[in-house]
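Welcome to a short tour of a protein chain. Take a moment with the sequence and the model, then read on for a guided look at some of its details.

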Amino acid sequence: MYHGVINVYKEPGYTSHDVVARLRGILKQKKIGHTGTLDPAAEGVLPVCLGQATRLCDLLTEKDKTYQAVLLLGRETDTQDTTGMVTAEYPVTVNEEEIRQAAASFQGDYMQMPPMYSALKVDGKKLYDLARQGKEVERQPRKVRILEISVDWVDLPRAGITVTCSKGTYIRTLCYDLGRMLGCGGCMEHLKRIRVERFLVKESFTLSQIEKIRDEGRLCEIILPVEAMFDGPKAFAGEASDHLVRNGNPVKSEDFSRILLPEGEGGEREAGPEELPHGELVRVYTKDGGFLGVYEFEEKKNWWKPKKMFPGVTES
């Protein structure tokens, strides 16, 4: 079984579930999970977790993401993108500077109303199921954060935007809100996710490319190991504490036989137990160097306890 994360390029027409189903066939393993859905019409980066790395799915879902989108002004639809039914059309009289100023005003926190065509649930029912029945229910706006937004080009009635945002941000809703602010309506015509945390679109692989790499016996070259998903210090168990960490038990700082702290450009340096930073996650290994998981410090008991364990990733 493979354990790690693979940077998949989701092509238009596939759902995120389609990607997982295809990968299960390609890799011949069932334990696979994605890290956040992309609409079928959207494309781009979709990190997929394999084996014990599926325990990382929730962590990756929380990470910031970067998108490139095409905003179509003058039109509103029921889905807030061009796949939906047109609900209103308006003349577009704004200029490039007005578009740039309006986009810049969204930077920071803003309250965004979740669209009806979304997987969010109200009273146990998914909004898109209700929307398909012609029903609209009351939703509560949610605070999202636009970390960075830029207008890359303008060719009216279209404009290209790049957005870096927090979890839970709907780019098509942002396009709708931008259109409303400009007074001419708007919807999203195209969406491409170009980054999820450290995973970049230029380093992603389509399903057909992954299949070819499998046939060449090079899959391990494109699967990021679980331990590489964490940047913190490394701590190795000693002879006496090896059985404790293997079983996911708490340990004291002095129970580690060797500690490595990150330094410089990918370098590491030896450190003493007193140098372990209490506010960071620490990557914990067996005495033989097998990665086990990440520990966090508990001040009250003055020990390190498991935060997330990955049993079976290494057999050392």
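At 11% relative accessibility, Gln80 counts as buried (under 20% relative accessible area; over 50% is exposed and in between is partly exposed, with a 1.4 Å probe and protein chains only). Gln80 sits in the loop that links β5 (75-77) to β6 (86-89). Its phi is near 70 degrees, a positive value in a residue other than glycine. For background, most residues other than glycine have a negative phi, and most peptide bonds are trans.

Some notes on reading this report. The model is predicted: local features need pLDDT of at least 70 and side-chain atom pairs count only at pLDDT 80 or more, while totals for chains, interfaces and linings use all residues. Residues are numbered from 1 along each chain as its sequence is written, and side-chain values use heavy atoms, leaving out hydrogens and water.

**The whole chain**

The chain has seven helices and 20 strands; helices (H or I, at least four residues) and strands (E, at least two) are DSSP runs, numbered from the N terminus. Its C-alpha trace spans about 75 × 45 × 40 Å along the principal axes. Of the 316 residues in the chain, 47% are buried. Among contacts between residues at least 6 apart in sequence, 66% join residues at least 24 apart, where contact means heavy atoms within 4.5 Å.

**Annotated places**

Which residue does the UniProt annotation "active site" cover? The unreviewed entry places it on Asp39; such annotations may be inferred rather than shown by experiment, and UniProt positions are given in the numbering used here, with feature names shortened. Asp39 belongs to the loop between β2 (32-34) and β3 (43-50). With a relative accessible area of 31%, Asp39 is partly exposed. Leaving aside residues up to four places away in sequence, Asp39 touches Lys10, Tyr14 and Arg172.

UniProt also lists residues 172-230 as "domain: tRNA pseudouridylate synthase B C-terminal", again in an unreviewed entry. That span is 34% helix and 25% strand, and its end C-alpha atoms lie 32 Å apart.

**Two helices side by side**

Helix α1 (residues 16-27) and helix α6 (residues 207-215) have axes that come within 11 Å and cross at roughly 10 degrees. That makes α1 roughly parallel to α6 (angles under 35 degrees count as roughly parallel, over 145 as roughly antiparallel, 65 to 115 as roughly perpendicular and the rest as oblique). The axes are lines fitted to C-alpha atoms, for helices over the stretch in contact, and angles run from 0 to 180 degrees between N-to-C directions. From α1, Val19, Arg22, Leu23, Gly25 and Ile26 meet Leu207, Ile210, Glu211 and Arg214 of α6.

**A sheet of six strands**

Six strands make an open sheet with mixed pairing, in the order β17-β16-β15-β18-β19-β20. β17 (267-271) and β20 stand at the edges, each with a single partner strand, so one side of each is left without a neighbour in the sheet. On average, neighbouring strands here are turned by 35 degrees against each other, direction ignored. Two strands pair if DSSP finds at least two bridges between them, and the table shows some of these pairs.

| Strand pair | Sense | Bridges |
|---|---|---|
| β15 (residues 234-237) and β16 (residues 256-263) | antiparallel | four |
| β15 and β18 (residues 282-285) | parallel | three |
| β16 and β17 | antiparallel | five |
| β19 (residues 291-298) and β20 (residues 303-309) | antiparallel | six |

In a regular strand the side chains alternate between the two faces of the sheet. In β15, Lys234 and Phe236 point one way while Ala235 and Ala237 point the other way, and all are buried. Lys234 stands opposite Leu260 in β16, and Leu260 in turn has Glu270 of β17 as a bridge partner. Phe236 faces Tyr285 in β18 as its opposite residue.

**Loops and turns**

The hairpin of β19 and β20 has four residues between the strands, and Asn302 there takes a positive phi near 55 degrees. Asn302 is partly exposed, with a relative accessible area of 43%.

Glu275, in the loop between β17 and β18, touches Leu261 and Arg269, not counting residues up to four places away in sequence. Glu275 and Leu261 are 14 residues apart in sequence and 8.6 Å apart in space, C-alpha to C-alpha.

Where does the cis peptide bond lie? Leu156 and Pro157 are joined by one, with omega about 15 degrees. Pro157 is in the loop between β10 (142-155) and β11 (158-165).
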